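Trainee: Could we go through this model together and see what stands behind the terms used for it?

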Amino acid sequence: MRVHPFWLCVFLCFVSACKKTEEAKRPSSAPSEQVEKKEPVEIVLWHSYREQEKAALEKVVESINKREEGIKVKLLAVPYDAFVDKVTIATPRGQGPDLFIFAHNMIGDWVDREHILEPITTRIPDDVLKRFIKDTVRALVYKQNLYGLPLAFKSLALFYDPDLVPRAPETLDELRAVAKKATDKEKGIYGLVYEASLLYFNAPFIHGFGGVILDEMGRPHLDEKPVVDALLFLRKLVKEDGVVPKGVTSALVTSLFNEGKAAMVLSGPWFLGEIKEGKRFEVAMLPAAAQGRRLMPFLGSEAIFLSAYSKHKEEAIKVMLALTDDESALIRLKIGRQTVANEKVYSMPEVISDKVISVFRAQASNTVLMPSRPEMQVVWQAMDMAINQAVFGDVDPVLALQNAQKKVLSDIEKMKK
Amino acid sequence: MNSNRAFPRWSLLLRYAFLTVVAFLTILPVLWVIKIALSGENAFQGSDLSPIPSVLSLKNFYDVVLAKDAQGNWIFGRQLFNSLVVSALTTVVGISLACTAAYAFSRFRFVGRRSLLMLFLISQMFPGILMMVPLYVIMQKTGLLDTLVGLVVVYSITSLPFSVWMLKGYFDTIPKDLEEAAIIDGASPIRVFTTIVLPLAMPAVAITALFSFMSAWNEFVLAYTFMSKETSFTLPVTIRNYVGEHTVKWGLFAASSLLVSIPVVSLFFALQRYLVSGLTAGGVKGG
Amino acid sequence: MRRKETGRALDGALGFFVLVPLVVVPAYFFARSEISREVSRFDRWRAVALGMLSEGREVPLEHQEALIYRFTVKSGEVDEFGIAKGFRVLALDALGGATAVSGDEEGKLVEIAGLTRGDPQKDEKCVLLGEEHILCAKKVDQTAVKGAKVRATPIRLEFVPLFLVLLFGAGFVFVYSLFFDRGEKAFTTVLGALCAFFCSLFIKANAQKTLDLLIALETSLADVPAPPHHVEVGFGFVFLVTIATSCLVFFLASPAKSFMQNMRQRPSIYAAIAPALVGMLLLVFTPFFMGVYLAFLDNDGNFIGFRNFVEILFPSGTSDTNFYFTLGVTVMWTVLNVSLHVVIGLFLALLLQSETLRGRSIYRVLLIVPWAVPNYITALIWKWIFNTQYGPANAFLALIGVGPVDWLGRSFWTNFVANLVTNTWLGFPFMMVISLGALQSIPHELYEAAKIDGASRWAQFRHVTLPLLKPALFPAIILGTIWTFNMFNVVYLVSGGAPDNKTNILITEAYRLFRVLKNYGMAAAYSLIIFAILLVYTTLTNRYTKAHESIYE
């Protein structure tokens, strides 16, 4: 009886799928062999890096694997928007990684709700923390316990197009003037291009005017005067001066800058990878505001965390320490173009000459730590709305912010229930 | 003898014009995707609205296809293979189960028929977020986590309700005379099913198979949740890799999306004739 | 014959899936509360204690809850990073201030009186003080005392009532269906009730031993020290298990019998459906019920009954997007979308059907493209299309002289229309394909007969095409409605619920509860409500379809 080729294909598919299953099961079904041969402990590390950062991480891990005899680090790249979901579902069921790399702002939730982080306060040598920029470590402390080691930090800085802007502005007024001068509606050139409808990118202004978005106890201060002043200032930038285009997304920021239609851009280290080859650009610190304050963006600390369910915590800690030592930091900086958290790296000659990285380092000392409390999650959306209404719309900033404050408070209530 | 009646020429021209405009508008967004994919490094030009690419470069496609994971394995091929295996098996398993079930529902009256049908429909309405974690736990306990077979099982079962409903609807429109005649002639139900009903229902089976394949092919959430190795990921997971926290790699994003949609489009193209077989269910001569 | 078989008050399957939750679940909850209180409370407080220890949290006296325990944790200073440094001393103060344990200033762990369990290797001790207090402490090195993180393991004794009811209920239903006749239903019920009664009585008498067994099992599998435990089972447990079992047997016996009879007569039918059904039971219904359970809990895992539902359905008025508003938006969204999909899809299918049109296959392929390309990227492209300043939509409007519209901005309607257009673009190919297939199966003879009778094209459409399309279109419309109702991607990616969550449909709102507000219980309740709405909808439409069952003539 001739077998119809279709069914043959189906059979082959099935066999290959089953083979995969066996492959997946095999490692776990031969533990005795491992003990005898004293095989290296496998540490699973999840991350959401791509391209250069991924390459840098892979190189660092390669050298760690060579150095450490009994440890083998295995990497898994998970898509960014899937990362949090995957980690929170898999880890408590024992299917998660030993270590994972992520930004610090979810710590509150991970510790309080999901219980997937292991505090490393007592597990690391005392002087390890000294090698990092202080704020990047502070970001990883929650309720007096340390939960991770910082790899890199993220903040905003001022990118500008030297063809349109000769010198970086040093004060807020200069910023306005420079932006106005560079704006040319006919050619479609704008003075200040950034994702202006998001709180994250407007935070520097709010902090520059002295506003506090969420304090350490998790209370919002959205309707206070400094915040109102900040929004009024932004409104002037948008409506009167017309230097900020509306509805700009990150893709548009990139494309406008690359086309030479953006004089100044507020963005972070990731922007470096977006700039077209050959396009001239400069980076500077965000200007100063009034009364001795500077525009201060949020500081995000990208860190490596230890899973509470890891079966090889000792080895995992060793990997954490190795990943965050100064040699690795240098590799990550040079290949991955990361603004690393290690202090010492910045005084090396090759890094000093790298203007972009140095500017970001300087900016890092003028930042506000992004709150990692769970309450912060509801603030983003409410403030985005308020900014949209007050800066791009016609709503009175006081009203918009009061609404936002009310909304956030009621949402926090809902969260606590 | 077909509907080739006295068509005024202008009516035909009007149809062509209308269809062309609609088709153009329909694929316009995709033309932009193609343009972005072919634009190499300078993928997303925000202010350039033309769907015609100004730069022609296959770099994005190369980068997507030749990507390697940390261990140096070629992942695109592997993931393509995974997707193919999973989708093909899902379709086969799903359609076989659904055909038999739909036939039973359509032709026979039995206790529990109505409620079982409702049950199939109801399960379509279960909200996904509710079931994610329990499903994970079940997969873990049965050892199907991180396996392709597990994905196939989940996809086929979750595509069942839809397939059963669609197929039953089509089966309902096929008159029973032929089958009754065959039964009188002494054929067993299975023979009746395979030799008479199935061929007649080919368009329905083809469409349902296509839907089944497509939903398995494009499924992303369960794939990334259940799989823990890059070599077990399916293609849609890789597409999402290009969407980052602050940036989107538009060129690679577009290129990978296009590559992922090619099989579905070609499958539809190939299955078209089932839609046009011009079959008249009136195999009953003489009414 | 049809009526008798299907005319039972409760079809077997429906009975199972409706009765089991209605009868068994409440019984389970009440019964379990009769037995597991001691154990789970212990574990939960133990976890709290240990958690607080590891956080080094200080609880000022005046802020305590009226609950029974007080912690006094003297933390050392914090260093420059905010990390607690130095030693911590733990003392648990039971009611009224008698200290069960204390540490001295140097942080040495002194002996703890009372029933203790712990892992001597790690020098940790957990003590149950009195009925309800618990202390856990751990010595780290010679001078420091710090908190240990031990996960509390819930003891599974609470599933025993459910297990008992299902075991005896199902068993006796099965026995009845095989061996007995109509008249002996009462007999079987009594038999089942008796079995359940004695079994639960036995468990009640030996509760401690049962619990010991289960705990031994748990602790051998996990890696945790076993807590001291004390359990008592009340009579409520016995009573409720018996009642639930009797109800189950009584109501399900007859339907099960007719079901089994039917099955024996025509096994092939059930064999045809069985694999599908079993698969769905395992992978669809079980997760569903597990998820449903969440809706009755609050965020800490306490059972709060219907409170989540009450909060959703009777909003207290603080937020401006309440459930009913979102429901209205969702209904409008669904109706508009499905209508547009069907009209456009059917219209295009009709156009494409004419055989004089050349290049039909090309048009067909072009028109299903929206469906083939993953909707993640196309939704993002549409988001760009509606961009106020740079999007093609406004550029097009500018061509015809209309000013730029702030699509994804502050207006509800512009956001809604943007979502609508995107979803229509995504959704009409499906209806088009269905219609194409359905149109193919309409025999030409009918058209010719109508033509001979002198019917116009429109009349042909109304009287020939439309009625014959219904059986194929109806399932598609019902399914399409359900999918559109739950269409998450478009609303999330294009408008993101803007402005201010107003364009959120029910499912994106549930997601927001889940992801942003982290209120899992409320999100689960929300999902259940969505499900209930769809259920009502399909029941109603099903009635309608049955009334107009396919009349193929």
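This is a predicted model: local features need pLDDT of at least 70, side-chain atom pairs count only at pLDDT 80 or more; totals for chains, interfaces and linings use all residues.

Trainee: Why is helix H11 of chain A called largely enclosed?

Mentor: Buried means under 20% relative accessible area, exposed over 50%, and partly exposed in between (1.4 Å probe, protein chains only). In H11 (residues 313-323), 8 of the 11 residues are buried, so the rest of the structure largely encloses this helix. Among them are A:Ile317 and A:Met320.

Trainee: What makes C:Thr286 partly exposed?

Mentor: Its relative accessible area is 32%, and that lies between the 20% and 50% limits.

Trainee: Which backbone oxygen lies 2.6 Å from a polar atom of the C:Thr286 side chain?

Mentor: That of C:Leu281. A polar contact needs N or O atoms within 3.5 Å, one able to donate a hydrogen and the other to accept it; residues adjacent in sequence count only if both atoms are side-chain atoms. The C:Thr286 side chain also reaches the backbone oxygen of C:Leu282 at 3.4 Å.

Trainee: How many salt bridges join chain C and chain B?

Mentor: The count is 0, taking a side-chain nitrogen of Lys or Arg within 4 Å of a carboxyl oxygen of Asp or Glu.

Methods:
Residues are numbered from 1 along each chain as its sequence is written. Chains are lettered from A and ligands numbered from 1 in the order in which they are written. Side-chain values use heavy atoms; hydrogens and water are left out. Helices (H or I, at least four residues) and strands (E, at least two) are DSSP runs, numbered from the N terminus.
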